[in-house]
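Visitor: I have a new structure to read. Could you walk me through it, one feature at a time?

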Amino acid sequence: MANWWKEAVAYQIYPRSFKDSNGDGIGDLNGISEKLDYLKDLGIDLIWICPMYKSPNDDNGYDISDYQEIMAEFGSMADFDRLLEQVHARGMRLIIDLVVNHTSDEHPWFLESRSSRNNPKRGWYIWRDSKNGAEPNNWEGIFKGSAWEFDPQTQQYYLHLFTRRQPDLNWENHDVRRAVYDMMRWWLDKGIDGFRIDAIAHLKKEPLLDDVPNPDKLRYAPAMKSHLNYDGLLDYVDDMSRNVLQHYDIVTVGEMNGLYAENAEEWVGEHRGRLNMVFQFEHVRLWEPEAGLRPEPAALKRIFTAWQEALEGKGWNALYVENHDLTRITSRWGDTEHYWRESATCIAALYFLMQGTPFIYQGQEIGMTNTRFEGLEDFDDVSAKNMWREMAEQGKSEEEIIAFLTNTGRDNSRTPMQWNAWPNAGFSDAKPWFKVNANYEMINVASQQQDPDSVLNFYRALIQLRRQERTLIYGRYVLELEGHSQIYAYSRMLEGVEFVVLCNMSSKSARWSEAELSLDGARFVLGNYAPVEETYRLHAWEARVYKL
Ligand code: NOJ
């Protein structure tokens, strides 16, 4: 079924690092408003902004202390309303982050809940007695350390899957759900166009909160099995959908770690009435250090193809390769040393033209790269700091820790947006809250706007092409050259129209034969090397799109 959000190209904004309008070194809502023409011109239809709510910023806004208030550093509710109005005036749409697995420990709900054991909101969070003088169970939090924090006043522990300042809401509690739904309706009635639902995979916990097996005899054991996509989670999604989502013409994207292609339809099947899309994590797992630095094309083919096939005619994919929790894709999958532009554009073509709604993370469209860290003081992210502490306790050297965090740390994607070659990369007139990547004089929006061959103009061309060709939106995906070790190729087909996308995911040239995939009579429509020199050979990181 055709839908506006299927035809849309989405752009993710991390407000703190996007554009500072008032000279305090911190990005803000008016800064986003200033850049709407840039986004419109790029071809963006849908904007997702990461949390802009009131927050003590333990996890940069993912710890919310008031869902109906804007973080003072980002502006005011009037600024938000103006932003929304200006987005709509340009024919674009806006979705916001819905963070309801947890609140901040400064949220009034939690303050009440922790005030006494018989407070009416005690059951809004997950409180337990200690067990044998220790935590109620051995669960490790997602950001390391115990998932429990002791509250001296009431002598119990509360559960927090993320930082200790992000207590988990108790989704078993009907009053919690009612309060969350009221808040969601309040935003929807304001006119926002949907939600990206944070950490939805973790809402449901193993009911007994039992210890997890701990063969390695760790102090706390990884406990994902007890709260990641746990049995019964979909009942919560159905409840939210029945009570809120179904009553609005909106788009929803759930952040869904722990979901695999074979079960994707349960979540986003069109007849299910649950979510429209999920951000699945299977390809993200290939980021993990133990998976090596650059994934094999075979692994990418297996994962993306499984998702494309699982949802064909049944549901819809959210396509993404970057976000604020990941390192920069060109640093991760590409070759920034020898083929920065080529690999940035090749990866763009690879994911962008599959079936689904493509999301671009701020800076991805200019090929921003990972940054450099020299010491602990260069990190901001709470999870990086926790990791630092843990690795130091394990006896790792400073060099080893920095090397690890350089390849994996979320701070890489949170450096200020590189607008131009002026001081602070044009992000702010003041010293930015977080160090600008040293390469901003080379990689920035202003210079790429002038350059017809830039990464930015390649993204623009991809967006235009997708917009002109229904086949590239709705067409069926078919993997081509399946066994090729360098080339990722696929076609898209709709009502007799066919496109072929070819991407050489390596720093060496790559050949295939006409017998394997013929381009006889095909018309070249887009590529990152021009002109085409040899039909059946791709240069390093060359990407081409043909219409058959
Ligand atoms: C996922 C968000 O994307 C991440 O940034 C955040 O730290 C956690 N959820 C906790 O809210």
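Guide: Start at the ligand. A polar side-chain atom of His102 lies 3.0 Å from an oxygen atom of the ligand. For Asp198, a polar side-chain atom is 2.8 Å from a ligand oxygen. His324 also places a polar side-chain atom 2.8 Å from an oxygen atom of the ligand. Keep in mind that this is a predicted model.

Visitor: How much of the ligand does the protein bury?

Guide: Taken alone, the ligand exposes 300 Å². The protein buries 98% of that.

Visitor: Which residues are around the ligand?

Guide: Among them are Asp59, Tyr62, Phe143, Phe162, Arg196 and Glu255. Asp325, Arg410 and Arg414 are also around the ligand. By class, the shell has 3 nonpolar, 2 polar and 7 charged residues.

Visitor: Now the whole protein. How many helices and strands does it have?

Guide: There are 16 helices and 22 strands. The C-alpha atoms fill a box of roughly 75 × 55 × 50 Å along the principal axes.

Visitor: What does the radius of gyration say?

Guide: Compare it with the value for a compact globule. With 548 residues, such a globule would have a radius near 24 Å. The protein has 23 Å, which agrees. Buried residues make up 62% of the 548.

Visitor: How do I read a sheet?

Guide: Strands of a sheet pair through backbone hydrogen bonds, either parallel or antiparallel. Here is a case: an open sheet of 3 strands, in the order β6-β9-β8, with antiparallel pairing. β6 (127-128) and β8 (148-151) stand at the edges. Each has a single partner strand, so one side of each lacks a neighbour in the sheet.

Visitor: How many bridges join β8 to β9?

Guide: There are 4 bridges, and β9 covers residues 156-159. Asp151 stands opposite Gln156 in β9.

Visitor: Which strands pair in the parallel sense with β15?

Guide: Strand β1 (residues 10-13) runs parallel to β15, joined by 3 bridges. Gln12 has Tyr361 as its bridge partner in β15. Strand β14 (residues 318-319) pairs with β15 in the parallel sense over 2 bridges. There, Leu319 stands opposite Pro358.

Visitor: Which way do the side chains of β15 point?

Guide: In a regular strand the side chains alternate between the two faces of the sheet. In β15, Thr357, Phe359 and Tyr361 point one way. Pro358 and Ile360 point the other way.

Visitor: Let us turn to loops. Is Ser413 buried or exposed?

Guide: Ser413 has 1% relative accessibility, so it counts as buried. Its place is the loop between α13 (398-408) and α14 (445-450). A polar atom of the Ser413 side chain lies 3.4 Å from the backbone oxygen of Asn323.

Visitor: Which residues other than glycine have a positive phi?

Guide: Asn132 is one of them, with a phi of about 50°. Asn132 sits in the loop between β6 and β7 (139-140). Its relative accessibility is 77%, so Asn132 counts as exposed. Asn424 is another case, with phi near 60°. Asn424 lies in the loop between α13 and α14. With a relative accessible area of 22%, Asn424 is partly exposed.

Visitor: Where is Pro531 found?

Guide: Look in the loop between β20 (523-527) and β21 (537-538). The peptide bond from Ala530 to Pro531 is cis, with omega near -10°.

Technical notes
Residues are numbered from 1 along each chain as its sequence is written. This is a predicted model: local features need pLDDT of at least 70, side-chain atom pairs count only at pLDDT 80 or more; totals for chains, interfaces and linings use all residues. Side-chain values use heavy atoms; hydrogens and water are left out. Two strands pair if DSSP finds at least two bridges between them. A residue is near a molecule or strand if one of its heavy atoms lies within 4 Å of it. A polar contact is a pair of N or O atoms within 3.5 Å; within protein, one must be able to donate a hydrogen and the other to accept it, and residues adjacent in sequence count only if both atoms are side-chain atoms. Accessible areas come from the Shrake-Rupley method with a 1.4 Å probe; for residues, only the protein chains shown count as cover. Ala, Val, Leu, Ile, Met, Phe, Trp, Tyr, Cys and Pro count as nonpolar, Asp, Glu, Lys and Arg as charged, and the others, Gly among them, as polar. The radius of gyration is taken over C-alpha atoms; the globule rule is 2.2 Å times the number of residues to the power 0.38. Buried means under 20% relative accessible area, exposed over 50%, partly exposed in between (1.4 Å probe, protein chains only).
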